[in-house]
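This briefing is intended to be read alongside the sequence and the three-dimensional view.

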Amino acid sequence: MRGALGHRAILLVMMVLLAAFGCERRPLLDPSFTTELQVVIDDESMSNVTCDIYNPQIQPQPTDPEMLRVLFYEPGKNRIAGESYISNVSTDSEGRHVVSGRVGILPGDYEMVIYNFDTPSTYIRNDYSHPPIEAYPQSVAEALASRFNTRAGERVDIRYQPDLMWVATDQQRAIPWHDEMHTIRTTATPVTETFYLQVKVEGLEWVSSAQAILTGMAGSNMVDEPETAIYFSLQKSEDKGAAVLCSVFNTFGHIEESTNELWVSFNINTVDGRVESREFNISDLFKSEACKEHNWLLLEEGITIDKPTTPPTAGGGFKPETEDWKEEHFDMEL
């Protein structure tokens, strides 16, 4: 009996020693399947956003996205292998905006696509695979589209302008087996272009609000997308003492191979309730040095708005006004 107990004690001691030398403390989340992703937002050469500002009175658009969507695809297969969102915002040693975060993905070879997710006016479709993934703005309502003239009764697809959008892609991203944290550092570049457009207006004080559409634009980031018109609002401003209507707007670019001419159509509302429409062919403006070098569309032709013949109404799109509150007392049966 004592011999059996002795053998059991020796066996227990050996098991404790083996456990002490054979065990390894591991974190609950195995770092072999975790990758640190750091995405630098490249906004240094964005005309009319961070450089080539024609009109400093126009507030520049923010270029600091706070959330990015990360997609990993299996090469040659129409399916997503991994998806995540990163939102840790910081600034690197060069002062550039960086969005980072950890993503869980098995080691392997992937196609990687990253884009900013904070785009309320831009939608994504066909994201099941890398080549056909597409960003596009929504079409405007029919009631809004009907405000603009179309040439020879031609129906024009009018869409809202897209948001500023940055994309990083890698068709051959290898994630190795790793015990320490694996880090991917990449750069997201803009896929949208930003233009500045202005037209001189005589009688600008009689304008309450104004909008415009620009034809011949790409309807999405896909090259073969049919042409569309981009809708945007205009602001009152001045250029060298001259009153102007102007706008800074985004597009996915204009279609250079198009045989159609480029037109801008203005819809102007006056303080006395009139609606003025003007249309200009600006094909030559896209060939000008100002447009090629800076994305500036500066119309030489102007618009004249006549003085109202009836008293103007209060308020308007540029300067809305409200009346004072009125007190009303009445009985309510419950």
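In this predicted model, Glu 36 stands opposite Arg 102 of strand β5. The strands β1 and β5 run antiparallel and are joined by seven bridges.

**Sheet architecture**

- Eight strands make up an open sheet with mixed pairing, in the order β3-β2-β6-β10-β11-β1-β5-β4.
- The edges of this sheet are formed by β3 (80–86) and β4 (88–91), each of which pairs on one side only.
- On average, neighbouring strands of the sheet are turned by 25° against each other, direction ignored.
- Strands of a sheet pair through backbone hydrogen bonds, in either the parallel or the antiparallel sense.

**Strand β1 and its partners**

- Strand β1 comprises residues 34–41 and is mostly covered, with seven of its eight residues buried.
- Strand β11 (residues 182–190) pairs with β1 in the parallel sense, over seven bridges.
- Within that pairing, Thr 35 has His 182 of β11 as its bridge partner.
- Pairing between β4 and β5 is antiparallel and extends over four bridges.
- Asn 88 has Ser 100 in β5 as its bridge partner.

**Val 98 in strand β5**

- Val 98 belongs to strand β5, which spans residues 97–104.
- Is Val 98 buried or exposed? Its relative accessibility is 5%, so Val 98 counts as buried, the limit for that class being under 20%.
- Leaving aside residues up to four places away in sequence, Val 98 touches Gln 38, Val 39, Val 40, Asn 88, Val 89, Ser 90, Asp 92 and Arg 185.
- Val 98 and Thr 186 are separated by 88 residues in sequence, whereas their C-alpha atoms are 9.9 Å apart in space.

**Salt bridges**

- Side chains of opposite charge can pair when their charged atoms come close.
- The model contains 14 salt bridges.
- Glu 94 forms a salt bridge with Arg 96, and the closest N and O atoms of this pair are 3.6 Å apart.
- Glu 94 counts as exposed because its relative accessibility is 58%, while Arg 96 is partly exposed at 24%.
- Glu 276 forms a salt bridge with Arg 274, in which the closest N and O atoms are 3.4 Å apart.
- Glu 276 also forms a salt bridge with Arg 278, where the corresponding separation is 3.1 Å.
- Arg 274 has a relative accessible area of 24% and is therefore partly exposed; Arg 278, at 25% relative accessibility, is likewise counted as partly exposed.
- How does Glu 276 itself classify, as buried or exposed? With a relative accessible area of 17%, Glu 276 is buried.
- Through salt bridges that share partners, Asp 92, Glu 94, Arg 96 and Arg 185 are joined into one network.

**Aromatic rings**

- The count of aromatic pairs comes to 12.
- Which residues do ring pairs link into a cluster? The cluster consists of Phe 195, Phe 232, Phe 249 and Phe 286.
- Arg 125 lies over the face of Tyr 136, at a distance of 3.8 Å from the ring centre.

Conventions: Residues are numbered from 1 along each chain as its sequence is written. This is a predicted model: local features need pLDDT of at least 70, side-chain atom pairs count only at pLDDT 80 or more; totals for chains, interfaces and linings use all residues. Side-chain values use heavy atoms; hydrogens and water are left out. Helices (H or I, at least four residues) and strands (E, at least two) are DSSP runs, numbered from the N terminus. Buried means under 20% relative accessible area, exposed over 50%, partly exposed in between (1.4 Å probe, protein chains only). Contact means heavy atoms within 4.5 Å. Two strands pair if DSSP finds at least two bridges between them. Axes are lines fitted to C-alpha atoms, for helices over the stretch in contact, and angles run from 0 to 180 degrees between N-to-C directions. Rings of Phe, Tyr and Trp (its six-membered ring) pair if their centres lie within 6.5 Å; planes under 30 degrees apart count as stacked, over 60 as edge-to-face and the rest as tilted. A charge sits over a ring if NZ of Lys or CZ of Arg is within 6 Å of the ring centre and within 35 degrees of the ring normal. A salt bridge is a side-chain nitrogen of Lys or Arg within 4 Å of a carboxyl oxygen of Asp or Glu.
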